[in-house]
Amino acid sequence: MDVAFDGIGERAVTFLNDGAEGGAVVKVCGAGTVGPCSAGDCFDGVALFAENGVAAVRLRGFASVAYSGTTPEIGHNALCADGAGGVCVDAGGADYLAVATDESAGTVTILL
């Protein structure tokens, strides 16, 4: 039996977009504006889509995101942006609950 978490408790907001891409973790980079994260940045949400100068960003709820490096553990992990649109385990990152990983796809489902 498969379990799906995407969309549970979701809260999404539309921002102006300064280079963010759909599916990538993003950060607030100006008034009402989000952009891509550099490696080591804390992230504020996940862009659901980005087009026509705006981005819909999931700020709360469960989201599946790409990860690089060490596979996050199920449970609490210190995560930060990896600079390529995904996340990585980093002792200096913020605490996120991981509820599923897919090593073959290189994704982790986290609670924002």
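Read along the sequence, the pattern is β-β-β-β-β-β-β-β-β-β. The chain has 10 strands and 0 helices. Strands (E, at least two residues) and helices (H or I, at least four residues) are DSSP runs, numbered from the N terminus.

The model is predicted: local features need pLDDT of at least 70, side-chain atom pairs count only at pLDDT 80 or more, and totals for chains, interfaces and linings use all residues. Residues are numbered from 1 along each chain as its sequence is written, and side-chain values use heavy atoms, with hydrogens and water left out.

**Whole chain**

Start with the C-alpha trace. The C-alpha atoms fill a box of roughly 35 × 30 × 20 Å, taken along the principal axes. The radius of gyration is 13 Å, which agrees with the value near 13 Å for a compact globule of 112 residues. That radius is taken over C-alpha atoms, and the globule rule is 2.2 Å times the number of residues to the power 0.38.

Colour by accessibility next. Buried residues make up 38% of the 112 residues. Buried means under 20% relative accessible area, exposed over 50%, partly exposed in between (1.4 Å probe, protein chains only). Then look at contacts, meaning heavy atoms within 4.5 Å. Among contacts between residues at least 6 apart in sequence, 48% join residues at least 24 apart.

**The barrel**

Select β1 to β5. These 5 strands close into a barrel in the order β1-β3-β2-β4-β5, with mixed pairing. The twist averages 55° from one strand to the next. Axes here are lines fitted to C-alpha atoms, for helices over the stretch in contact, and angles run from 0 to 180 degrees between N-to-C directions. Two strands pair if DSSP finds at least two bridges between them.

Walk through the pairs:

- β1 (residues 11–17) runs parallel to β3, joined by 2 bridges. Asn17 has Val34 of β3 as its bridge partner.
- β2 (residues 25–30) runs antiparallel to β3, with 4 bridges. Val26 stands opposite Pro36.
- β4 (residues 45–51) and β5 (residues 54–60) run antiparallel, with 5 bridges. Ala47 is partnered by Val57 in β5.

Zoom in on the β2–β3 hairpin. There are 2 residues between the strands, and Gly32 in the turn has a positive phi of about 65°.

Now pick Thr33, in strand β3 (residues 33–36). Is Thr33 buried or exposed? Thr33 counts as buried because its relative accessibility is 15%. A polar atom of its side chain lies 3.1 Å from the backbone oxygen of Ala31. This is a polar contact: a pair of N or O atoms within 3.5 Å; within protein, one must be able to donate a hydrogen and the other to accept it, and residues adjacent in sequence count only if both atoms are side-chain atoms. Leaving aside neighbours within four places in sequence, Thr33 touches Phe15, Leu16, Asn17, Asp18, Lys27 and Val28.

Find β9 and β10. They run antiparallel, joined by 5 bridges. Thr101 stands opposite Val108 in β10.

Move to Asn77, in strand β7. Asn77 counts as buried because its relative accessibility is 6%. Two backbone oxygens are within reach of its side chain: that of Glu73 lies 2.6 Å from a polar atom of this side chain, and that of Gly75 is at 3.0 Å. Beyond four places in sequence, Asn77 is in contact with Pro72, Val89, Ala94, Asp95, Tyr96 and Ala98.

**The cores**

Show nonpolar side chains. A nonpolar core is a set of buried Ala, Val, Leu, Ile, Met, Phe, Trp, Tyr and Cys residues joined through side-chain atoms within 4.5 Å. The largest has 15 residues; Val25, Phe43, Val65, Val87, Val108, Ile110 and Leu112 touch the most other members. The elements giving two or more residues to this core are β6 (62–66), β7 (75–81), β9 (94–102) and β10 (107–111).

Centre on Ile110. Beyond four places in sequence, Ile110 is in contact with Phe43, Gly61, Phe62, Ala63, Val65, Leu79, Tyr96, Leu97 and Ala98.

Last stop: a second, separate core of 8 residues, including Ala20, Val26, Ala55 and Leu59.
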